[in-house]
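Subject: The structure I promised you

Hi,

Here is the structure we talked about, so please open it and keep it beside you while you read.

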Amino acid sequence: MLAMLKVKLGRRSGWCRIGGSMRAGELASRPRGMRGRILSHVLRIYKRVNLDFLAQGLLGRPTCQLQEGAVLGKTARIRNNRDSSSKIVIGRHTHMAGELFLFPHGGEITIGEWCFVGEGTRIWSSASVKIGNRVNISHSVNIFDSRTHPIRAAERFEQVKAILEHGHPREIWLDERPVTICDDAWIGAGAIVLRGVTIGEGAIVGAGSVVTKDVQPYSIVAGNPAVLVRELSPDER
């Protein structure tokens, strides 16, 4: 005998059969015809829409410039504390699933074409972060172009107090140094890229690495701090 589970959907009630020809939890009286097609279409759209991005726009807050074919995944977050959406540019056909953050006192982020930025990744800018084309940034990566906090404890406390009471200050010095990630680079999961670093064309940063200095083109680095593992051979480039 099949187990039966009664469920309610709107004004209708139906039976959900566990086992047999129906999957567990599937409604026997699913919407059909035009209503079913409309519902399916709405659900497909909902799965692709970034509600946070829409909310930021409705609130009149700066977000970013999305070029043709660029995609903000559902987990993407844009936190643009500057005065213009032009301070963050996401290039053609780039897929963004992480978070982009601009400090109020400065910062710009430019991402090229056909890039991927994974879920949980955060790019923090109060100077400039430039990412080339076809760059693969995996999940849970952090990229900083500043110290984010002052070195002196008293100044650091004042900054944190201001953030908690009023938001990020608009006048502060965080020893900013631009970050550049060149074309075809690959940043492994969980890596940290610190201020002032240039990662060369085609370079690979191993998972969990902490990059404190420039990475040469077509080389592999790994570790904390990241050191050269080897150079890519001509047929690997």
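Let's start with Ala 203, which sits in the loop between β18 (198–199) and β19 (204–205). A quick word on those labels: strands are DSSP runs of E with at least two residues, helices are runs of H or I with at least four, and both are numbered from the N terminus. Before going on, note that this is a predicted model, where local features need pLDDT of at least 70 and side-chain atom pairs count only at pLDDT 80 or more, while totals for chains, interfaces and linings use all residues. Residues are numbered from 1 along each chain as its sequence is written, and side-chain values use heavy atoms, with hydrogens and water left out.

Is Ala 203 buried or exposed? Ala 203 has a relative accessible area of 0%, so it is buried (buried means under 20%, exposed over 50%, partly exposed in between, with a 1.4 Å probe and protein chains only). Leaving out neighbours within four places in sequence, Ala 203 is in contact (heavy atoms within 4.5 Å) with Asp 184, Ala 185, Trp 186, Val 215, Gln 216, Tyr 218 and Ser 219. Take Ser 219: it is 16 residues from Ala 203 along the chain, yet their C-alpha atoms are separated by 4.9 Å.

Now for the sheet. There is an open sheet of 6 strands, paired in parallel, in the order β5-β8-β11-β14-β17-β20. Two strands count as paired if DSSP finds at least two bridges between them. In general, strands of a sheet pair through backbone hydrogen bonds, either parallel or antiparallel. Which strands stand at the edges? They are β5 and β20 (210–211), each with a single partner strand, so one side of each has no neighbour in the sheet. At the β20 end, 2 bridges join β20 to β17 (residues 192–193), and Ile 192 has Val 210 as its bridge partner.

β8 is worth a look. It runs parallel to β5 (residues 77–80), with 4 bridges between them, and parallel to β11 (residues 122–125), again with 4 bridges. Phe 101 in β8 is the bridge partner of Arg 79, and Phe 101 also stands opposite Trp 124 in β11. Glu 99 and Phe 101 point one way from β8, Leu 100 and Leu 102 point the other way, and all of them are buried.

Follow Leu 100 and you reach the largest nonpolar core, which has 35 residues; Ile 90, Leu 100, Ile 131, Ile 143 and Ile 199 touch the most other members. Such a core is a set of buried Ala, Val, Leu, Ile, Met, Phe, Trp, Tyr and Cys residues joined through side-chain atoms within 4.5 Å. Among the residues that Leu 100 touches, beyond four places in sequence, are Ile 78, Ile 88, Ile 109 and Ile 123.

Follow Phe 101 instead and you meet one aromatic cluster: Phe 101, Phe 103, Trp 124 and Phe 144. Rings of Phe, Tyr and Trp (its six-membered ring) pair if their centres lie within 6.5 Å; planes under 30 degrees apart are stacked, over 60 edge-to-face, and the rest tilted. That gives 3 aromatic pairs. The rings of Phe 101 and Phe 103 have centres 5.0 Å apart and planes at 80 degrees, so they are edge-to-face. Trp 124 and Phe 144 have ring centres 5.9 Å apart and planes at 15 degrees, so that pair is stacked. This pair links distant parts of the chain, with Trp 124 in β11 and Phe 144 in β14 (residues 142–144), 20 residues apart.

Cheers
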